[in-house]
Amino acid sequence: MGNPIPRNKNIMANSTYQSIVLAQRPKATIIPGETFSKKTNPMISEKDLKDGDILIETLYLSLDPAMRGWLNDRRSYVPPVQIGETMRGIAIGRVLATKAPSYPVGSIVTCYAGWTELAIINSSNPNLQLVNVPSNGKITDALGVVGPTGLTAYFGMLEVGQVKAGDFVVVSGAAGATGSVACQIAKLKGAKVLGIAGSDDKVKWLKELGCDDALNYKDPNFATNFKESTKDLIDVFFDNVGGDVLELALSRAKAHARFVMCGAISQYNSAQPVGPKNISMVIAMRIKMQGFVVFDFAKQYASAAKDLTQWLAEGKLLRKETILKGGLDAAEQGLVDLYNGINTGKLLVEVKTLEEGVGSRL
């Protein structure tokens, strides 16, 4: 995406700001330097705001598996990112200027600003939220354990999975941002939990979180180990991965099992995605297999966030973050690395720290 341009930490002292836009649609894996390109934009300031607008500078970007799907020009739950458009993504930002009384200068917010240093957001946007740091928390939790990924785990496990005490729950992608919270919620509700992850270190961490057992899917004996660990058969399968792991889970499902279809990260970068060969197990075992997205439960965000915040404050929810340095330039490679399992817990790009001041604002 070109050589970095020297930037003043007080962004308003610069004559331009930068963003990352979609340059071409990937046919399979994202190709650094080709899929995205850097764009230099004329500086924006308070004079560009209309009534109800706020100007934010980006502090942290969230990198999420769903982003790969947004690059495909096909029907989905949101329109695809267009060629030349700023890459979509949720971010934590600081308000630099405002024409919205509810969002004073200096406020910290989350919003779908995208991959950009600056953005103008209207206060009527339903995805714009003030960040209130919970007890035992930090601002980045607004993108993780009490943010979209935590909410996804909450609704997937409780509303879709209908987990209850005594259930045997298996979570794939269990060491990721959503999977790790899903495991812990299942344990809080009295379930027995088996977590699936991609390294021995992640397996160890899952056990520290309270999982009754955890397996490394890269182990040569994984299929055998999985069958051994699911002797009691599966009540709830929370799937973030798809592919071979989903096929194995179908083979070990209890009658009337609930399969929570949250993600399929193993297939997102494939030019020829494949589904499970034993899909007929859904019929034989009368499995309820349901896909969902967190936006389905928007009206319940407040009550869910209250539970997540309380569990975090009480030390009942633990989390990890993998934070990439290097500003916007780190986002593209970071997204590639997400699909290769670089992260434990939530993956973020640090564009600017909260402590880095903006100096004279406008």
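Predicted model: local features only at pLDDT ≥ 70, side-chain atom pairs only at ≥ 80, totals over all residues.
Local features require pLDDT of at least 70 and side-chain atom pairs pLDDT 80 or more, whereas totals for chains, interfaces and linings use all residues. Residues are numbered from 1 along each chain as its sequence is written, and side-chain values use heavy atoms, with hydrogens and water left out.

E321 lies in strand β14 (residues 321–324); helices (H or I, at least four residues) and strands (E, at least two) are DSSP runs numbered from the N terminus. With a relative accessible area of 23%, E321 is partly exposed, a class between buried (under 20%) and exposed (over 50%) for a 1.4 Å probe and protein chains only. Leaving aside residues up to four places away in sequence, E321 touches K138, T140, D141, T344, K346 and L348, contact meaning heavy atoms within 4.5 Å. The side chain of E321 makes polar contacts with the side chains of K138 (3.3 Å) and T140 (2.5 Å). A polar contact is a pair of N or O atoms within 3.5 Å; within protein, one must be able to donate a hydrogen and the other to accept it, and residues adjacent in sequence count only if both atoms are side-chain atoms.

Helices α2 (residues 148–160) and α3 (residues 177–188) pack with their axes 8 Å apart, at an angle of about 45 degrees. Axes are lines fitted to C-alpha atoms over the stretch in contact, and angles run from 0 to 180 degrees between N-to-C directions. The two helices, α2 and α3, are therefore oblique to each other, as angles under 35 degrees count as roughly parallel, over 145 as roughly antiparallel, 65 to 115 as roughly perpendicular and the rest as oblique.
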